[in-house]
Amino acid sequence: MKVWIPHPAGRALLGELPPGVTVEVAEDPSRLPSEVAGVRFWVPPFLSGVDATDLLGRLPDLRVVQLLSAGADAWAGRVPPGVTLCDARGVHDVGTAEWVVAAILSQVRGFPAFALAQSRREWAYDRLCPTDELAGKRVLIVGAGSIGAAVRARLAPFGVTFTLVARTPRPAEGVHGVDELPALLPGADVVVVLVPLTDATRGLVDEKFLAAMPDGALLVNAARGPVARTDALVAELATGRLRAALDVTDPEPLPADHPLWELPNVLLTPHVAGSVRGLLPRAYRLVAEQVRRFAAGEPLVNAVSDGY
């Protein structure tokens, strides 16, 4: 069978595969490396969007689509019958959790303001100090999956307290259901959003969500841009009542004239949380394991169901 992967470096990272498996590099879905016949396992490019799904209808022998992203929103519902869609759950735990911690600390300790002062060669101690601190903060993690667990593990040494929220409550683990958010948000100093983008989560962070957050609270979105309503976000953040750290936006890329760029209480990065040097080794370990499972007729891991 043929396996298409998007990175030349992936060949070596895959290691030894079962006999009969041919690996070809398909970096760009518009420039295919060979005939489509026989391609049973496809790994699309990282962060590829809806345009890449057009290739699905041209692969008659396809049986597995293994994503390199933790989210499957661009692919869920578009994969033909008989094809298993798998996400990269676990691959991005380290990178995304590090970004969340860095973003929280940067906003709490005022690093963006200090960076601007540095660009002006201004010794801004008297103007910017004292800063806030992370110790003692109440952190609400919306999305208690593997990335949420990684964020919690890395924040725990800072002396914060946690409340976890998931699609389905898990009382034995202390995990609340998403329907409890209106009661939980007023007690959170930091709200970290890590949910996948589905019909149920689109627009989750809306006017009511933001209004329920207490004055001075920090919103951290490392999920997907459309999880938050951009107009509501801009309106609330423009008042200065809340702060935000956003790795994702809607639209994305964010246009140069968008008001989010100029809000002093917003830290913006261009969807970089998972784009770290360790990504490819972790990703191709997963791909290799999935190829071996598929070749052996064993169940695949990370199969996507209902967008998750």
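The model is predicted, with local features requiring pLDDT of at least 70 and side-chain atom pairs counting only at pLDDT 80 or more, while totals for chains, interfaces and linings use all residues. Residues are numbered from 1 along each chain as its sequence is written, and side-chain values use heavy atoms, leaving out hydrogens and water. Helices (H or I, at least four residues) and strands (E, at least two) are DSSP runs, numbered from the N terminus.

- Buried stands for under 20% relative accessible area, exposed for over 50% and partly exposed for values in between (1.4 Å probe, protein chains only).
- β1 pairs with strand β2 (residues 22-25) in the parallel sense over four bridges, and Trp 4 stands opposite Glu 24 in β2.
- β1 also pairs in the parallel sense with strand β3 (residues 39-42), over three bridges, and here Lys 2 stands opposite Val 39.
- Pairing requires that DSSP finds at least two bridges between the two strands.

**Pro 8**

- Pro 8 lies in the loop between β1 and α1 (10-14).
- The relative accessible area of Pro 8 is 48%, so this residue is partly exposed.
- Not counting residues up to four places away in sequence, Pro 8 touches Val 25 and Glu 27; contact means heavy atoms within 4.5 Å.
- The C-alpha atoms of Pro 8 and Ala 150 are separated by 29 Å, the two residues being 142 residues apart along the chain.

**Packing of α2 and α5**

- Helix α2 (residues 93-108) packs against helix α5 (residues 146-155) at an angle of about 50°, with the axes 8 Å apart.
- This angle makes α2 oblique to α5, because angles under 35 degrees count as roughly parallel, over 145 as roughly antiparallel, 65 to 115 as roughly perpendicular and the rest as oblique.
- Axes are lines fitted to C-alpha atoms, for helices over the stretch in contact, and angles run from 0 to 180 degrees between N-to-C directions.
- Residues making the contact include Val 100, Val 101 and Ile 104 of α2 and Ile 147, Ala 150 and Val 151 of α5.
- The contact residues divide into nine nonpolar, two polar and three charged.
- Ala, Val, Leu, Ile, Met, Phe, Trp, Tyr, Cys and Pro count as nonpolar, Asp, Glu, Lys and Arg as charged, and the others, Gly among them, as polar.

**Helix α8**

- In helix α8 (residues 230-238), the buried residues include Leu 233, Val 234 and Leu 237.
- Cover for the buried residues of α8 includes α7 (207-212), β10 (218-221), β11 (243-246) and β12 (266-268).
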